[in-house]
Amino acid sequence: MLTIDNITVRLGGRPILERASATVPVGARVGLIGRNGAGKSTLMKALIGEIEPDDGEISKPARARIGYIAQEAPSGSMTPEEVVLASATERAALLAELETCTDMDRMGDVHERLLAIDAYSAPARAAKILNGLGFDEEMQQRPVDSFSGGWKMRIALGALLFSEPDILLLDEPSNHLDLEATLWLENFLKSYPATLVVISHERDLLNKVVDHILHLQGGQLTLYPGGYDAFEKQRAERAAQLAAAKASQEAQVARLRDYVARNSARASTAKQAQSRAKMLAKMQPIAALMEDPTLSFDFPDPAEMKSPMITLEHAAVGYGDAPPILKRLNFRIEADDRIALLGRNGNGKTTLARLLASQLTPAEGEVNAPGKLKVGYFTQYQVEELAGEDTPLDLMNRAMEGQSQSAVRAQLGRFGFSGPRANQRVDKLSGGERARLALALITRDAPHLLILDEPTNHLDVDAREALIQALNNYSGAVILISHDRHMVELTSDRLVLVDGGTAREYDGSMDDYIDFILGRNQPKGARSDKSSGGRNTKVAGDKQKAKSAFEKAETTIARLSADLDQLDRKILDLSSDAGAQAGAVIQSLLTKRSAAANALAEAEDAWLVAGSVLETIQAS
């Protein structure tokens, strides 16, 4: 077992972990979660011995090998394959010994050990891991120094997985991965044979891979059985219990104070009043679980824009004089589209996003958009570049030059930077706070189209849920590039596959795409059944279309239902305010609610029709 016994860790005099304890069973797969800045990475460093606890101790099984990705990415002239193979240190040492060994008995022992550890199949296993992480055969033989930092971290991850430690520690392993590699990693970790502790904000990974959730909050650790959904349910139950206990305690405190106030001056009851006053002084307040008020994303709604918003006609795009990366681009973006761009990293998703954001011009064909179109374009690099002595208020003042302070502060307030938070130095903000600030900056002029390229890399699970809600409330169009499947499924109703040097509509659902990536189905038209003529192909195609329509309607119903719930809560909250301004806001919300209710009715009709068609096809 891995035992964390009453440990305290202080950084800069501030306690990060305070008398934290937990026991991880042998072979458990644990998701370590907590808000950004809670101390998850600090705990990981304590587990590997990089940080010595100020108090308490960490116990690990004797001779257990612990695996953790070093912060330094691999470099040099070695190939990814060589780096991965070198991580199996025993195999490497035995092979090196064979080169100089002259003792026949020892050589026999070495060969026997190499067979026992399956050393001769190692190159095939290394290639399989690298392929799963996105390295094709040619890439596996290139020097490591020819890759970017993100790809180098993939190599480091591949080496760690190949080494098969007894306790595998992973800190946000999907941050440098695309959706395809993330799906492969999930599948790999599901069958990992030893103990796993993974820091992740990927809801799907936490539901599909782990069997325990280790929650770090307020310096304390709590271990919950099950995946993330089970944890949320248990946390909600605990919050309800704490809220009830807190309400009961507050009522008791009120009664005691009332008694003390009424009876302290009377001689006959003074002792009883004094006793109750002592009870009040010793009573420890029950802390209710509070939601973080800074979990705030609120995109300003744009002015109305007619469809189509953007039209691509035989467009091609690339960089400089090099051949275009994408050709034959023909599609429209409507004013209310929610599009997810699918495809492996390197296929051109970001290139297409930059074309749509007018950062690149077409090498061929046309990209047509109205001159008044406003686009907000977010990339993870914007987050990394936000550093220095500037404050959110400084940056927003420059971005909204000429506008009033009330408008500047209102935009910052939409993203949780109200009051003193607007005056914090940017280099003191967490990654999640900088991501919120970057989103605040790109939406300052209420864009008609949001293009978000991996917006979740710096966000924890709760912040991702808040972002999903905000995107579903936003009335403009959204184009999303994300490896977070949960976000794609809840915010997108059109899928565009960027592959083979072009981009085209993907007719299937996300489940179909996932099955294809994991090899559980084939591309449409990849096979033909001559014995049945074209009938089976047509039936399969009809069934796929019906299934896609059914699942698209389901997703829309879930999104609109969530929208209605939130609108109802807002209307209810404002109903107690009798002001004229509140009345105008309520009227606006009621209009939005009516539109959402009508859209929900249409989606439910589409769901019923698609379900009926699907049942008919399946029956035949």
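This is a predicted model: local features need pLDDT of at least 70, side-chain atom pairs count only at pLDDT 80 or more; totals for chains, interfaces and linings use all residues.
Two packed helices are described by the angle between their axes and the distance between the axes. For helix 14 (residues 392-399) and helix 16 (residues 431-442), the axes come within 10 Å and cross at roughly 15 degrees. Angles under 35 degrees count as roughly parallel, so helix 14 and helix 16 run roughly parallel to each other. Their crossing is right-handed. On the helix 14 side, the contact is made by Pro392, Leu395, Met396 and Ala399, which meet Leu437, Ala440 and Leu441 of helix 16. Sorted by type, the residues of this contact come out as seven nonpolar, no polar and no charged.

Charged side chains turn up elsewhere. Side chains of opposite charge can pair when their charged atoms come close, and the model has 23 salt bridges. One of these joins Glu97 to Arg106, at 2.6 Å from N to O. Glu97 is partly exposed, at 27% relative accessible area, and Arg106 is also partly exposed, at 33%.

Arg464 and Glu202 form another salt bridge, at 3.2 Å from N to O. This pair links distant parts of the chain, with Arg464 in helix 17 (residues 461-473) and Glu202 in the loop between strand 7 and helix 9, 262 residues apart. Both Arg464 and Glu202 are buried.

Glu232 is partly exposed at 26% relative accessibility, whereas Arg203 is buried at 12%.

Key: Residues are numbered from 1 along each chain as its sequence is written. Side-chain values use heavy atoms; hydrogens and water are left out. Axes are lines fitted to C-alpha atoms, for helices over the stretch in contact, and angles run from 0 to 180 degrees between N-to-C directions. Helices (H or I, at least four residues) and strands (E, at least two) are DSSP runs, numbered from the N terminus. Angles under 35 degrees count as roughly parallel, over 145 as roughly antiparallel, 65 to 115 as roughly perpendicular and the rest as oblique. A crossing is left-handed if the near helix is turned anticlockwise from the far one by less than a right angle, and right-handed if clockwise. Contact means heavy atoms within 4.5 Å. Ala, Val, Leu, Ile, Met, Phe, Trp, Tyr, Cys and Pro count as nonpolar, Asp, Glu, Lys and Arg as charged, and the others, Gly among them, as polar. A salt bridge is a side-chain nitrogen of Lys or Arg within 4 Å of a carboxyl oxygen of Asp or Glu. Buried means under 20% relative accessible area, exposed over 50%, partly exposed in between (1.4 Å probe, protein chains only).
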